[in-house]
Amino acid sequence: MSPATYRAGAFLSAAERLDLQPVFGVDMPEQLAEYWHVPLGLDFTDIDKSVQMIVDYARVHPLTAVLSVDDSATELAAHAASALHLAHNTPDSAEAARDKWIMRRLMSAAGVPCPVFRNFPLSSDPSELATQVTYPCVLKPRRLSGSRGVIRANNPEEFTTAFYRLKRLLLQEGYDEEHTTFLVEDFIPGGEVALEGLLTQGQLKVLALFDKPDPLDGPFFEETIYVTPSRLPRATQEAIADCVTRAAASLGLRHGPVHAELRINEQGPWMLEIAGRSIGGLCSSVLEFGTGMCLEELILRHAIGEEVRMIERAGNAAGVMMIPIPAAGMLKGVHGVEEARAVPLITGVEITAKLHHPLVPLPEGASYLGFIFSRGETPEAVEAAIRRAHACLRFDIRREIPMVTRR
């Protein structure tokens with residue numbers, strides 16, 4: 001996992017309930033890992049060295065399974081599980097699920113519905129590229145997650161602006177201009193859904209299908225509300241599951257959790273992305289299975305070889321809002337939290353952004369202000385409660401004023 005993950009606590013609690021001993025491998029220097037008593041300080045960019053460290057550790061402390069909590073760990077987890085001869089996705093499939101250029105090529109070759117796409121060098125002249133694409137289009141980095149750097153352009157002028165914004169972000173992230181490419185895809189209209197599932201020998205078990213009731217039409221694609229069960233017709237839901245199954249097979253994903261994003265319109269489902277890990281942030285807390293089993297416990301049970309095919313999501317409707325960042329600046333205060341928590345059907349409001357820290361919205365940002373959780377009889381009631389709670393919240397965000405010294 002990455003050091004900034006939200007998910008460590010949930011997996012630790014689930015492991016304790018199952019009497020499993022978790023071993024955390026964290027993307028941090030070995031010396032820092034020793035200071036923080038982390039068993040394995042790993043460098044996710046150095047796969048060979050990190051795999052060897054995991055193998056050496058396993059010789060003394062045998063491991064039963066290797067799981068990736070975050071996108072950044074999926075490739076390392078696949079390589080480590082392969083080296084230890086544990087159930088896993090192949091390293092090639094893990095790479096395909098991380099690299100959108102590889103993902104698009106494999107999906108397209110397999111006939112999986114996905115946007116028309118082109119791959120361009122970051123060193124290109126944007127005015128020339130702007131004449132080669134169809135509008136509206138979406139510029140997209142190959143490896144960033146959480147909609148970072150994803151920008152819609154409706155004409156050549158917007159394309160050029162989006163190109164330079166994406167280029168600045170990628171350079172800030174350490175990418176080399178001469179060796180980096182990015183995608184330009186046709187914009188797919190329609191509503192959006194997210195599917196949470198488990199793969200066992202290539203067979204998909206759908207754990208939850210989330211509707212995203214807010215329109216995601218750009219120019220940026222910040223996700224907000226997820227609600228389950230889906231209100232889509234049963235036939236459409238089955239088509240979505242089939243599309244995800246085909247997409248996973250095209251990439252070679254066969255084992256473990258998957259999180260897929262799709263667009264739905266009159267032509268049916270279109271694959272946007274599929275990741276070889278479970279849902280991010282604190283969103284998993286709205287999912288319960290069987291008699292109160294959380295998603296993390298279900299994933300751990302699957303990882304150690306237990307049968308999970310008959311387990312169904314428990315309860316009625318549930319939803320979560322990833323509270324968007326409305327503007328850049330310094331977070332000075334949050335008001336109305338108790339009022340939001342008092343809204344009927346609201347089960348929790350968690351503000352994860354830190355006071356007196358800068359906020360960066362999409363497309364450059366990588367976090368949310370927090371999360372709102374709800375449960376109720378129907379998806380409509382859950383969605384309405386989340387919107388009421390969000391309306392109670394007020395965020396004091398102040399623009400930073402640059403200081404100028406007098407000579």
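This is a predicted model: local features need pLDDT of at least 70, side-chain atom pairs count only at pLDDT 80 or more; totals for chains, interfaces and linings use all residues.

1. Strand β14 and strand β18 (residues 370-376) run antiparallel and are joined by seven bridges.

2. Strands of a sheet pair through backbone hydrogen bonds, either parallel or antiparallel.

3. How many of the residues of β14 are buried? Seven of the seven residues in 317-323 are buried, so β14 is largely enclosed by the rest of the structure. In a regular strand the side chains alternate between the two faces of the sheet. For β14, one side carries A317, G319, M321 and I323, the other carries A318, V320 and M322, and both faces are covered.

4. T224 sits in the loop between β8 (203-212) and β9. With a relative accessible area of 12%, T224 is buried, because the limit for that class is under 20%. Beyond its sequence neighbours, T224 touches D214, V320, M321, M322 and P324. The contact with D214 includes a polar one between the two side chains, at 2.5 Å.

5. R263 is placed in strand β10 (residues 256-265) and counts as buried at 2% relative accessibility. What does R263 form a salt bridge with? The partner is E192, with the closest N and O atoms 3.0 Å apart. This pair links distant parts of the chain, since E192 is in strand β7 (residues 191-200) and R263 in strand β10, 71 residues apart. Both E192 and R263 are buried. The side chain of R263 also reaches the backbone oxygen of I188, at 3.5 Å.

6. Side chains of opposite charge can pair when their charged atoms come close.

7. R165 and E364 form another salt bridge, at 2.6 Å between the closest N and O atoms. This pair too links distant parts of the chain: R165 is in helix α8 (residues 156-172), E364 is in the loop between β17 and β18, and 199 residues separate them. R165 is partly exposed, with a relative accessible area of 29%, and E364 counts as partly exposed at 22%.

8. Three strands form an open antiparallel sheet in the order β17-β15-β19. β17 (358-359) and β19 (394-398) stand at the edges with a single partner strand each, so one side of each has no neighbour in the sheet. Strand β15 (residues 329-335) is joined to β19 by five bridges, and H335 has R394 of β19 as its bridge partner. The side chains of R398 and D396 meet in a salt bridge (2.9 Å, N to O). R398 counts as partly exposed at 47% relative accessibility, and D396 as partly exposed at 22%.

9. Is N89 buried or exposed? N89 is buried, with a relative accessible area of 11%, although its place is in the loop between α4 (74-83) and α5 (91-98). Its contacts away from the local sequence are A78, G252, L253, R254 and H255. The N89 side chain reaches the backbone nitrogen of R254 at 2.7 Å and the backbone oxygen of H255 at 2.8 Å.

10. T74 lies in helix α4 and counts as buried at 9% relative accessibility. A polar atom of the T74 side chain is 2.9 Å from the backbone oxygen of D71. Leaving out residues up to four places away in sequence, T74 touches S68, A94, R98, G276 and R277. T74 and R277 are 203 residues apart in sequence and 7.2 Å apart in space, C-alpha to C-alpha.

11. On the surface, L32, Y35 and W36 form a nonpolar patch with about 390 Å² of accessible area together. L32 belongs to helix α2 (residues 30-35) and is partly exposed, at a relative accessible area of 37%.

Technical notes: Residues are numbered from 1 along each chain as its sequence is written. Side-chain values use heavy atoms; hydrogens and water are left out. Helices (H or I, at least four residues) and strands (E, at least two) are DSSP runs, numbered from the N terminus. Buried means under 20% relative accessible area, exposed over 50%, partly exposed in between (1.4 Å probe, protein chains only). A polar contact is a pair of N or O atoms within 3.5 Å; within protein, one must be able to donate a hydrogen and the other to accept it, and residues adjacent in sequence count only if both atoms are side-chain atoms. Contact means heavy atoms within 4.5 Å. Two strands pair if DSSP finds at least two bridges between them. Patches are made of residues with over 30% relative accessible area and no salt bridge: like charges are joined within 9 Å, nonpolar side chains (Val, Leu, Ile, Met, Phe, Trp, Tyr) within 5 Å. Accessible areas come from the Shrake-Rupley method with a 1.4 Å probe; for residues, only the protein chains shown count as cover. A salt bridge is a side-chain nitrogen of Lys or Arg within 4 Å of a carboxyl oxygen of Asp or Glu.
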